[in-house]
Amino acid sequence: NGMGFWIKSPLNSAGTNVITFMGEAVDSATQTVNIVSGLQMRCYVFSSPIGIQETHYYQDGATTNASYTLADQIIVWTGSSYQPYGLKGSGLWYPCKNAAQWLGQPASNTLDVSQGFWYTARKPFVSTETNRYLGNLRN
């Protein structure tokens, strides 16, 4: 488990900057993360993208509900606004900015490498993700 931090730009900043983080690929079969009740910053624990429907939160005890206001949520920044996804009893994530989205199609987006997102948990649980690319790291 890593550490998170905020980067604050000066108020009168005129330009944009590129910030690069470097590290090594995780060489273990699984990674376990404690999910606490409430809002927290998360990202997929391995150096690869993952489809939102492929995450293990549902299997590991995330809260589902017929109402998106009572279900666990993943909240992703789209570049211009936040898009929340709620977890239905089927174990699938659905867009849930409003009731119309919630009644629509399941989410099909991918969480990119190191893409942070907000996670709202209704109760604590332990999530264990499997390293999908481990075989690519071995000789």
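## A cysteine in a loop

C43 counts as partly exposed, at 31% relative accessibility; that label covers the range between buried (under 20% relative accessible area) and exposed (over 50%), with a 1.4 Å probe and protein chains only. Before going further: this is a predicted model, where local features need pLDDT of at least 70, side-chain atom pairs count only at pLDDT 80 or more, and totals for chains, interfaces and linings use all residues. Residues are numbered from 1 along each chain as its sequence is written, and side-chain values use heavy atoms, with hydrogens and water left out.

C43 sits in the loop between β2 (38-42) and β3 (50-51). Helices here are DSSP runs of H or I with at least four residues, strands are runs of E with at least two, and both are numbered from the N terminus. Leaving out residues up to four places away in sequence, C43 touches S114, Q115, G116 and F117, where contact means heavy atoms within 4.5 Å. C43 and V113 are 70 residues apart in sequence, yet their C-alpha atoms are 8.4 Å apart in space.

What about C96? That cysteine is buried, with a relative accessible area of 3%. The structure holds 0 disulfides, a disulfide being a pair of cysteine sulfur atoms within 2.5 Å.

Most residues other than glycine have a negative phi. S114 has a positive phi of about 60° although it is not a glycine. S114 is found in the loop between β7 (110-111) and β8, and S114 is exposed, with a relative accessible area of 59%.

## The overall layout

The protein has 3 helices and 9 strands, and along the sequence they follow the pattern β-β-β-α-β-β-β-α-β-β-β-α. Of its 139 residues, 32% count as buried. Among contacts between residues at least 6 apart in sequence, 65% join residues at least 24 apart.

| Pair | Apart in sequence | C-alpha to C-alpha |
|---|---|---|
| C43 and V113 | 70 residues | 8.4 Å |
| Q53 and W93 | 40 residues | 6.4 Å |
| Y58 and L92 | 34 residues | 8.0 Å |

Q53 is placed in the loop between β3 and α1 (57-60), and at 27% relative accessibility Q53 counts as partly exposed.

Setting aside residues up to four places away in sequence, Y58 touches T64, L87, G89, S90 and G91.

## The core

Which residues touch the most other members of the largest nonpolar core? Out of 20 residues, they are I35, Y57, I74, W93, F117, Y119 and F125. The elements giving two or more residues to this core are β1 (30-35), β4 (73-77), β5 (82-87) and β8 (117-121), with β8 providing the largest share, 3 residues. A nonpolar core here is a set of buried Ala, Val, Leu, Ile, Met, Phe, Trp, Tyr and Cys residues joined through side-chain atoms within 4.5 Å.

Apart from residues up to four places away in sequence, I74 touches I52, Y57, Q83, P84, Y85, W93, F117, W118 and Y119.

Strand β8 also holds T120, which is buried at 15% relative accessibility. T120 touches G38, L39, D72, Q73 and I75, again not counting residues up to four places away in sequence.

## One cavity

The structure holds 1 cavity of 30 Å³ or more, and the largest cavity has a volume of about 80 Å³. A cavity is a set of points on a 1 Å grid over the protein atoms alone where a 1.4 Å probe fits but cannot get out, and lining residues have an atom within 4 Å of a point. Points are joined across faces, edges and corners, and the volume is the space filled by probe spheres set on them.

C43 turns up again here: the lining is V33, R42, C43, Y44, V45, I50, T55, Y57, L111, F117, S127 and E129. By class, that lining has 8 nonpolar, 2 polar and 2 charged residues; Ala, Val, Leu, Ile, Met, Phe, Trp, Tyr, Cys and Pro count as nonpolar, Asp, Glu, Lys and Arg as charged, and the others, Gly among them, as polar.

Definitions and conventions. On a 1 Å grid over the protein atoms alone, a cavity is a set of points where a 1.4 Å probe fits but cannot get out, and a pocket is an open set with protein on both sides within 12 Å along at least five of seven lines; lining residues have an atom within 4 Å of a point.
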